[in-house]
Amino acid sequence: MEKTLSIIKPDGVARGVIGEVIKRLESNGLKIIAMKMLKMNKAQAESFYSVHKERPFFQSLTYFMTSGPIVVMVLEGENAIAGYREIMGATDHRDAAEGTIRKDFATDIEKNIVHGSDSPETAASEIGFFFNSYEVTG
C-alpha cells in the first residue's frame, strides 16, 4: 500500500470543508492512517515549502499557510499518490476537472483548499515533516 500526505489548507479549514474533503477521500478508497490539526509558524512553512524558495510566490505561499490552522493527514491506498492527486484536481482550480476538490471549493491558484505529495520520495519526506512513526497507524 502506498502512502501520501494530504493537507487541508487554511482556506479549507476556515470555510468548513474538512468533512467534505474527508468524505471524498474515504469514498475513493483512501484510508486515513494519521491526522491532526495544527498551525504552522513562518519558519515551519518556509522549511516545508523550501523547494519553492526561489519562486516568486514563495513569500505569499508561506504567509498564507501560516494564516490559520491546517489539517494534515497520512493517506494509504492502492496508488494513493496518483489517486489523491486526481481527487484534488489541477493546481489552478480553473483547469481542474469537474467534481474535484479544487474545482468545487478553490477560489484561486494559491487558496486551492488542499495539498498532496507528488511522488513517493516527496510523500516520505512530507509525512516525516509532520508525523513521527508512532503517530502513523498503517
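1. The side chains of R24 and E20 meet in a salt bridge, 2.8 Å from N to O. The term covers a side-chain nitrogen of Lys or Arg within 4 Å of a carboxyl oxygen of Asp or Glu. Both R24 and E20 sit in helix α2 (residues 18-27), four residues apart, about one turn of the helix. R24 counts as buried at 16% relative accessibility. E20 counts as partly exposed at 28%. The cut-offs: buried is under 20% relative accessible area, exposed is over 50%, and partly exposed is in between (1.4 Å probe, protein chains only).

2. A word on the basis. This is a predicted model, in which local features need pLDDT of at least 70 and side-chain atom pairs count only at pLDDT 80 or more, while totals for chains, interfaces and linings use all residues. Residues are numbered from 1 along each chain as its sequence is written, and side-chain values use heavy atoms, with hydrogens and water left out. Helices (H or I, at least four residues) and strands (E, at least two) are DSSP runs, numbered from the N terminus.

3. E20 and R24 also belong to a network of salt bridges that includes D104. The search of the whole structure finds seven salt bridges.

4. E76 pairs with K3, and their closest N and O atoms are 3.4 Å apart. E76 is buried, at 13% relative accessible area. K3 is partly exposed, at 29%.

5. K103 and E98 form another salt bridge, with the closest N and O atoms 4.0 Å apart. K103 is partly exposed at 28%. E98 is exposed at 66%.

6. Now the largest pocket. It holds about 670 Å³ of space. Its lining has 24 residues, and the closest to the centre are Y49, V51, H52, L61 and H115. A pocket here is an open set of points on a 1 Å grid over the protein atoms alone, where a 1.4 Å probe fits, with protein on both sides within 12 Å along at least five of seven lines; lining residues have an atom within 4 Å of a point. The volume is the space filled by probe spheres set on the points.

7. Which elements give two or more residues to this lining? They are α3 (42-48), β4 (114-116) and α7 (120-130). The largest share, four residues, comes from α7.
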